[in-house]
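Subject: Structure for you to look at

Hello,

Here is the structure I said I would pass on. Please open it beside this message and follow along.

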Amino acid sequence: MESIKKYTRLVKDRLSEERFTHSVKSAEMSRELGVAHGFDSEKAYIAGILHDICKEDSEKELKRLAFSKTLEKMGLGLEPLEKEDHKLWHAPAATVYIKEVLGINDTDILSAVRYHTVGRARMTKLEKIIYLGDLVEHSREYPDVDKYRDFALSDLDLGMYEALKWAINDCLQRKKRISRNTFEAYNHYLKKFL
């Protein structure tokens, strides 16, 4: 519990009020998903509160962290689109920051933060919890968010399948490029629900 307070204070000091509120809501949703799916709720909260810790860093700092050798050494390196799109750097940057600055070496937390934006095939339970916790936290207001929240609470794999369909469609409508990791994640979960 003490680590939750410590990391919450740290995130509050690093982020705007709006981003901090989102981080707390994501952490609360991640804890709720952890409880619903038999996962350590404190660990889920910690990964959730830290997931956007670098979101408001400068582009220069994000690049320094995201392109460091640390991710490669952990087997969590960037894929081609992530190297090109600075809007995707905050997740890998946060992973490096959490490991190198905060001294957190829990591979489950590190990979959950790393893949909370793009996903990937064969995600761990915590990776799914953080991806979904970020997407369906209780202050989100996009159409059908309640439906996606219900999917996530009932079945993590179904939640991922539906969330990835939504994310890909959202990118298509906004004419945004889609990460290879996101496509691979979608194909992985599609097989489960064909």
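This is a predicted model: local features need pLDDT of at least 70, side-chain atom pairs count only at pLDDT 80 or more; totals for chains, interfaces and linings use all residues.

Residues are numbered from 1 along each chain as its sequence is written, and side-chain values use heavy atoms, with hydrogens and water left out.

Helices α1 and α3

Helices here are DSSP runs of H or I with at least four residues, numbered from the N terminus. Two packed helices are described by the angle between their axes and the distance between the axes. Helix α1 covers residues 2-14 and helix α3 covers residues 41-50; they pack at an angle of about 10°, and their axes are 9 Å apart. (Axes are lines fitted to C-alpha atoms, for helices over the stretch in contact, and angles run from 0 to 180 degrees between N-to-C directions.) α1 and α3 are therefore roughly parallel to each other, a term for angles under 35 degrees. On the α1 side, the contact (heavy atoms within 4.5 Å) is made by S3, I4, Y7, T8 and V11. On the α3 side, E42, Y45, I46, I49 and L50 take part. These residues divide into 7 nonpolar, 2 polar and 1 charged. In this scheme Ala, Val, Leu, Ile, Met, Phe, Trp, Tyr, Cys and Pro are nonpolar, Asp, Glu, Lys and Arg are charged, and the others, Gly among them, are polar.

Is α3 largely enclosed or largely open? It is largely enclosed by the rest of the structure, because 8 of its 10 residues are buried (under 20% relative accessible area, with a 1.4 Å probe and protein chains only). Those buried residues are K43, A44, Y45, I46, A47, G48, I49 and L50. They pack against α1, α2, α7, α8 and α9.

Helix α8 (residues 107-114) has 7 of its 8 residues buried, so it too is largely enclosed. The buried ones are D108, I109, L110, S111, A112, V113 and R114. What covers them includes α3, α5, α6, α7, α9 and α12.

Single residues

S30 lies in helix α2 and is buried, with a relative accessible area of 1%. Not counting residues up to four places away in sequence, S30 touches A44, G48, I129, I130 and G133.

G34 is also found in α2 and is buried, with a relative accessible area of 0%. Leaving aside neighbours within four places in sequence, G34 is in contact with F39 and I129. G34 and I130 are 96 residues apart in sequence, and their C-alpha atoms are 9.5 Å apart in space.

D57 is in the loop between α3 and α4. Beyond four places in sequence, D57 touches R14, L62 and L65.

The largest pocket

The largest pocket has a volume of about 980 Å³. Of the 32 residues that line this pocket, K55, T117, R140, R174 and K176 are the closest to its centre. (On a 1 Å grid over the protein atoms alone, a pocket is an open set of points where a 1.4 Å probe fits, with protein on both sides within 12 Å along at least five of seven lines; lining residues have an atom within 4 Å of a point. Grid points are joined across faces, edges and corners, and the volume is the space filled by probe spheres set on the points.) By class, the lining has 10 nonpolar, 8 polar and 14 charged residues. Helices α2, α9 and α11 each supply at least two lining residues, and α11 gives the largest share, 4 residues.

Regards

How values were computed: Angles under 35 degrees count as roughly parallel, over 145 as roughly antiparallel, 65 to 115 as roughly perpendicular and the rest as oblique. Buried means under 20% relative accessible area, exposed over 50%, partly exposed in between (1.4 Å probe, protein chains only).
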